[in-house]
Amino acid sequence: MASTAPACGLPTHTAPAPDAKPADEAGLHRLRRRRRRRCICICALVTLGVLLLLGATLLVLFLTVFRVRDPTTRLLSTRFVGLAPSLTQPNFTLLLTVAVHNPNPASFSYASGTTGLWYRGAHVGDAQVDPGRIPSKGDGIVQLEMTVLTASFTKDMAQLIRDIEAGSLPLDASARIPGRVAVLGVFKLNIVAYSDCHIVVGFPDMDIRGQDCRDHAKL
């Protein structure tokens, strides 16, 4: 039996174009690059959003929790304790009771502080503040023994006699107390509390007839 030959000029199959495979690889490479750029953009936007949220949170904390509000102090009473030992002059000791209010949302733990006393511009006494702690948004009572220097107090005897006859002694007190505040129990910030008071003490009853205190705190 005779075989049938293919018709002249008609190929049996069509061969693929030689550049079809490289074109597919180039398109796939472009697609991968677009996907990579899209992932990078998404990651950058997410990172930026997290940073903005963190910055806003820190700003709110700084304006509320970390913002230091000035404490307030008030002298409650003064009491004569007795004579202080001295080799040169008979100094005497006063017991001062001071109320302190801490308006901050963090407790205030303070170390030893110092307090000075002035009478009409003359330095007449010193006291040491013992370490202690005042709770957050709370109150505390501080007692300190003030050693009054008799020689300094009586330098202007004529003025002292006039004040005694008037029944009142104008005094100025200044305190500096370093300490630390604990915010949220985690953040601990060093702080120094200052208090400057003008006080009028009655004589001889030693009652507080007037006072004007200016308190502030510094980080």
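Contact, in these legends, means that heavy atoms lie within 4.5 Å. The views show a predicted model, in which local features need pLDDT of at least 70 and side-chain atom pairs count only at pLDDT 80 or more, while totals for chains, interfaces and linings use all residues. Residues are numbered from 1 along each chain as its sequence is written, and side-chain values use heavy atoms, with hydrogens and water left out.

**View A. The surroundings of L117 and the largest nonpolar core.** Not counting residues up to four places away in sequence, L117 touches A122, H123, V124, G125, M146, V148, L171, D172 and A173. L117 is also one of the residues that touch the most other members of the largest nonpolar core, which has 32 residues; the others named are Y110, L144, M146 and F153. Such a core is a set of buried Ala, Val, Leu, Ile, Met, Phe, Trp, Tyr and Cys residues joined through side-chain atoms within 4.5 Å, where buried means under 20% relative accessible area, exposed over 50% and partly exposed in between (1.4 Å probe, protein chains only). Strands that each supply at least two residues of this core include β4 (113-119), β7 (138-148) and β8 (168-183); strands are DSSP runs of E with at least two residues, and helices are runs of H or I with at least four, numbered from the N terminus.

**View B. S107 in strand β3.** S107 is found in strand β3 and, at 12% relative accessibility, counts as buried. Leaving aside neighbours within four places in sequence, S107 is in contact with N102, R133, I134, P135, S136, R180, V181 and A182.

View C. Beyond neighbours within four places in sequence, P131 is in contact with Y110, A111 and S112. P131 and G113, although 18 residues apart in sequence, are 7.6 Å apart in space, C-alpha to C-alpha.

**View D. Helix α3 and the residue that follows.** In helix α3 (residues 157-166), Q159, L160 and D163 are buried. These residues cover an arc of only 100° around the axis, taken from the directions from the helix axis to the C-beta atoms, which puts them on the same side of α3. An α-helix has 3.6 residues a turn, so residues three or four places apart point the same way. Just after α3, G167 takes a positive phi of about 85°.
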